Amino acid sequence: MAGRISEDFINEVRSSVNIVDVISQYVSLEKKGKDYLGLCPFHQEKTPSFTVNEEKQFFKCFGCGKGGNVFKFLMYKDNLTFPESVQEVAEFAHIPMPNNYSKTAVKANPLIELHREAVNFYHRVLLSTKAGERGMQYAEKRKLDQDTLEHFQIGYAPKQDNLLLTYLRGKKFDDDLLAKSGLFVQSKDGRLFDRFRDRLMFPLANENGQVIGFSGRRISDDKTEAKYMNSPETEIFTKSKVLFHFAEAKKAAREEGHLVLYEGYMDVISAYKAGVKSGIASMGTSLTDQQVYMLRRVTSEIIINYDGDDPGVHAEERAARMFEKAGGFKLGIVVLPEKLDPDEYVKKFGAEKYQKEIQGALSPIDFFLQRIAKKFNLNNDREKVTFLDEAVKEIARVSNPVEQDLYLEKLAREQNVSKDSLKANLLRERRRQNRARRHQGKAITEKTDLPESTAIPTITTEDPAQIRLLYLFMHSEEARNYMLENKFLFPGDKYAEIANLWLKFIETHEKTDTNSFSDFIPDQLQGIIVNAEMTKMPPDSSPREIIEIVESLRRRSIDSQLKQLQSQIMDAQRRQDNDTIIKLTQRILELKRTRDKKEAF
């Protein structure tokens with residue numbers, strides 16, 4: 001299974017990393033006892049069921065059932081082969097691959113390869129060709145320096161309608177693939193033309209940093225053309241599941257402590273130049289539930305900084321409600337003065353002042369209270385009363401009593417009213433909200449069909465008794481020898497196969513831990529190993545425990561046979577087949593006598 005990579009090198013790579021550090025690149029993990037918990041990257045969930053055991057170096061999602069070691073995680077997450085996952089972990093550990101390892105043995109998705117070539121083409125045109133001078137003039141006008149152009153791999157699509165087409169054909173990409181890429185438009189007679197022309201090109205990458213599409217910014221003053229043009233959706237590009245600069249921002253978030261959500265690409269770029277490296281943006285559309293979930297897996301600390309004009313602030317309101325509905329976020333909201341967008345603000349006031357705006361982000365409640373206050377004339381008592389009612393409704397949405405008390409006190413002080421009167425209104429509003437929730441809950445329970453998206457993959461339930469025996473078989477030489485001496489055979493085919501493979505493994509390997517073993521057994525058996533390792537059980541045992549487990553398996557097997565015979569008797573009775581009934585009855589009596597004997601082996 002390891003291809004051309006030696007087992008010694010695989011073991012070296014595996015032992016050089018901590019699975020927690022690798023998975024933390026993709027999932028925000030929180031330590032709970034000995035384990036780390038987070039939201040599963042393989043299916044959507046609200047309550048974390050994704051568990052990483054640092055001691056055993058295994059992960060397991062108890063929601064969808066996926067599990068394994070560090071290599072298996074990357075194989076699942078990034079759709080890698082085993083050699084590719086070893087290479088990824090080796091790069092993470094700064095270990096060079098062996099000289100005899102051929103990277104060309106692994107073929108990437110051809111559409112990913114095509115986009116990689118397109119990025120190189122557009123970028124090179126911008127930086128080093130006469131055709132790119134127009135794009136470079138625009139980039140300089142927008143104050144995009146060399147470092148920024150390199151970091152974001154910004155390029156330029158010239159005015160000609162076939163330059164990228166000619167380049168990619170020269171790289172041996174066929175027309176069927178070119179048509180699927182979204183980078184070309186097709187005429188009625190089947191001819192292909194470059195989709196992007198005379199535009200500054202921003203590569204759009206997936207969570208792993210692989211470019212899967214583009215957004216082109218119009219350079220000309222022709223307002224009949226869209227300011228931004230995105231790649232159409234393809235088999236590798238879905239706008240609702242992509243965030244601009246996400247792969248790089250995730251790394252910066254570990255240092256800065258948060259992600260900053262912007263409306264547009266230029267805002268992300270301006271923030272980057274101003275020292276805020278953790279900026280991301282949606283694809284020129286409203287924030288989606290999928291994007292919110294992507295963010296939740298990485299960090300709970302999110303700062304929203306949309307444009308300071310009215311549409312931007314309304315969009316912040318909508319985004320804040322989405323994060324509130326998703327739950328589990330610590331949100332900050334920045335509203336820039338003078339209705340400026342982040343790009344404009346940085347140019348006008350500078351990087352240092354902008355960083356202070358980010359640091360001073362409002363809490364969601366402060367943000368909404370300020371928004372509500374602007375609707376009323378607070379010098380008018382009638383409007384002031386209405387404002388206070390609306391403000392209390394907003395505070396009632398907060399579940400934390402300490403937060404509620406803090407905002408009530410602040411509101412009472414600012415509006416010169418008693419805190420007790422506000423608290424009375426709060427209690428009344430909380431009761432109203434609770435009644436509404438109960439009514440909503442009742443309505444939900446009356447529905448019979450769940451949305452398709454809530455379905456969780458079926459998990460194969462493993463046999464706890466055989467799991468325990470297998471665990472002892474692999475971890476205790478004494479227990480293993482006892483089972484072998486007594487000629488114990490695992491009743492389950494998969495368990496028996498694993499036991500045989502383990503015996504071969506320990507005969508041929510010096511290092512015989514289950515983490516190494518899991519890399520060299522078929523995929524369909526690895527889940528059993530992970531279940532055995534992630535189940536909390538004592539490492540030692542006694543012959544008595546083994547005898548009791550084997551006895552329970554023996555009795556369970558006999559009970560299963562008895563059920564089958566009872567079913568066969570019922571069939572024979574319907575046919576009035578007396579001879580068969582007598583034979584089956586005799587067999588049932590024999591099995592019952594065998595079951596009642598106290599013998600495990």
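**View 1. An aromatic cluster in the predicted model.** Tyr26, Phe42, Phe50, Phe59, Phe73 and Tyr76 belong to one aromatic cluster. The structure shown is a predicted model.

**View 2. The tilted pair of Phe42 and Phe59.** The structure contains 28 aromatic pairs. In one of these, the ring centres of Phe42 and Phe59 are separated by 6.3 Å and the planes meet at 45°, so the pair is classed as tilted. This pair connects distant parts of the chain, 17 residues apart: Phe42 belongs to the loop between strand S2 (35-38) and strand S3 (50-53), whereas Phe59 is part of strand S4 (residues 58-61). Phe59 has a relative accessibility of 0% and therefore counts as buried.

**View 3. The edge-to-face pair of Phe71 and Phe82.** A pair of aromatic rings is described by the distance of the centres and the angle of the planes. For Phe71 and Phe82, the centre-to-centre distance is 5.5 Å and the angle between the planes is 80°, an edge-to-face arrangement. Phe71 is located in helix H3 (residues 70-78) and Phe82 in helix H4 (residues 82-92), so the pair ties together parts 11 residues apart in sequence. Both Phe71 and Phe82 are buried.

**View 4. A patch of positive charge on the surface.** The residues Arg428, Arg431, Arg435 and Arg438 gather on the surface, where they form a patch of positive charge. One of them, Arg431, lies in helix H19, which spans residues 419-445.

Terms used
Residues numbered from 1 in each chain as written. Predicted model: local features only at pLDDT ≥ 70, side-chain atom pairs only at ≥ 80, totals over all residues. Heavy atoms only, no water. Patch = residues over 30% accessible without salt bridge, like charges linked within 9 Å, V, L, I, M, F, W, Y side chains within 5 Å. Areas by Shrake-Rupley, 256 points an atom, 1.4 Å probe, with all protein chains shown as cover. Salt bridge = Lys/Arg side-chain N within 4 Å of Asp/Glu carboxyl O. Lys, Arg positive; Asp, Glu negative; His and termini not counted. Charge placed at Lys NZ, Arg CZ, Asp CG, Glu CD. Helix = DSSP H or I, 4+ residues; strand = E, 2+ residues; numbered from the N terminus. Phe/Tyr/Trp six-rings, centres within 6.5 Å; stacked < 30°, edge-to-face > 60°. Buried < 20%, exposed > 50% of the residue type's maximum accessible area, 1.4 Å probe, protein only.
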